[in-house]
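Here is a friendly note to read alongside the model. Please keep the structure open as you go through the points.

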Amino acid sequence: MKLKKNKWALSAVAAALTATAMPSFAVDFGGYFRAGPGASKKNASRACYGLDGPGLKYRLGNECDIYGEFLLSHGMKAGGVDYKAALMVNLYNPQTDTGDGKVGINQMYVEGKGFDIAPETNFWIGKRFYGRADVHIVDTFYTNLSGVGAGADIPVGPGKLGLGYFKTDQNSTDSGNRINVDYSGLPVNTDGTLRVLGTYTNGNFDGGKSGTALTLQHTQDKFFGGTNTLWLQVAQGSAGLDGNFGNLKAGSDVTGVRLVESFTWQSGPLGGQVQAMLQKDKAAGVKTDSASVGGRVSYAFTKNFKLLAELGYSQKKPVGGATQSMTKFTLAPTLSIGPDFWNRPELRLYVTTAKWNAAANAAATGGVTGLKDGKTRGTSVGAQVEIWF
């Protein structure tokens with residue numbers, strides 16, 4: 001880590017952590033991180049395997065980075081208003097060594113509820129994670145409204161209406177605006193709810209384009225002992241399929257459609273998560289079809305020892321081009337605080353093997369594998385800790 005460059009950020013974190021020890025400040029601390037050593041063959045850097053694109057990389061025993069995010073939040077009540085200030089710093093390094101790690105701030109906002117003009121509405125302003133919904137095993141947020149903005153979450157009928165305005169400055173001249181209208185929690189069947197998310201984006205510069213996107217997200221609880229989530233998403237122009245900004249220079253000829261099915265369950269000692277994803281994109285006159293299917297299972301032999309296994313297949317095909325394909329498998333004996341799929345921390349040993357074709361190798365921008373010798377299979381071993389708190 002370049003200490004001079006990040007000295008201010010580290011000082012801020014140290015000061016905030018010191019404040020947590022003072023009884024006059026009720027500061028909550030939470031976060032997430034993953035880290036651990038890994039290796040592949042001799043004379044090769046650590047390797048991880050996945051195709052480029054959302055939902056096309058299965059993450060168990062297949063993350064070469066070190067990543068952590070650490071949240072400090074302070075809630076108070078004054079004048080009948082409950083409010084909270086939040087600050088989240090993060091550390092990221094794409095490699096095992098932390099020597100070139102980057103420290104940043106990915107959340108800094110204030111929210112409040114109880115204002116007399118709308119006592120039940122939660123208002124917020126700042127930089128924050130917002131409206132996110134993911135499939136954990138592929139580390140992909142299929143809906144993700146995070147950014148710098150302002151908004152309000154309003155109880156409306158049986159659900160909640162989220163209104164948000166976001167701004168982005170992609171460089172010194174290219175800026176954009178985004179409006180999200182997000183209604184969630186609408187009961188549509190027994191134990192099932194619907195979320196409807198609309199997005200409008202606009203590039204506020206010469207050559208900037210507008211865009212629209214729509215997401216329908218259905219969540220079914222008590223589904224064969226678990227939870228099933230289904231996404232249907234469409235986007236056009238400068239809006240992204242996830243409800244965020246896309247390419248602000250993208251015109252109406254740029255389109256995307258995505259269908260995702262995900263199921264998570266726990267039945268006795270057996271838990272897991274599976275996904276199936278189909279996506280169609282069109283940009284610069286080129287159509288690309290992507291697909292992925294896979295899952296992770298967890299079986300607890302004791303309260304604290306379980307065996308994880310993950311198998312995933314992904315492919316990507318530009319129309320008229322060669323199909324890129326990859327199959328990845330991981331086996332990981334794991335120690336945990338409990339037997340369930342979601343119990344963390346997990347301390348894992350793993351072995352990962354992957355096989356891909358020549359088209360995937362040719363299309364790789366460093367994402368398929370760290371190997372540069374043209375081979376189409378690889379194996380890596382290592383240890384990893386993952387925790388959220």
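1. Cys64 is buried, with a relative accessible area of 12%, and Cys48 counts as buried too, at 8%. Buried means under 20% relative accessible area, exposed over 50%, and partly exposed in between (1.4 Å probe, protein chains only).

2. Which residue is joined to Cys48 by a disulfide? The partner is Cys64, with 2.1 Å from S to S; a disulfide here is a pair of cysteine sulfur atoms within 2.5 Å. Both cysteines sit in the loop between strand 2 (38–39) and strand 3, 16 residues apart. The link is right-handed, with 110° about the S-S bond.

3. A word on the source: this is a predicted model, where local features need pLDDT of at least 70, side-chain atom pairs count only at pLDDT 80 or more, and totals for chains, interfaces and linings use all residues. Residues are numbered from 1 along each chain as its sequence is written, and side-chain values use heavy atoms, leaving out hydrogens and water.

4. How confident is the predictor? On pLDDT, its confidence in each residue from 0 to 100, the chain has a mean of 91, and 90% of its residues reach 70 or more. Over residues 1–5, however, the pLDDT is below 50, and over residues 16–24 it is below 50 as well.

5. Finally, look at the lining of the largest pocket: Glu69, Phe129, Arg132, Asp134 and Phe141 lie nearest the centre, among 30 lining residues. A pocket is an open set of points on a 1 Å grid over the protein atoms alone, where a 1.4 Å probe fits, with protein on both sides within 12 Å along at least five of seven lines; lining residues have an atom within 4 Å of a point.

How values were computed:
pLDDT = per-residue confidence, 0-100. Contact = heavy atoms within 4.5 Å. Helix = DSSP H or I, 4+ residues; strand = E, 2+ residues; numbered from the N terminus.
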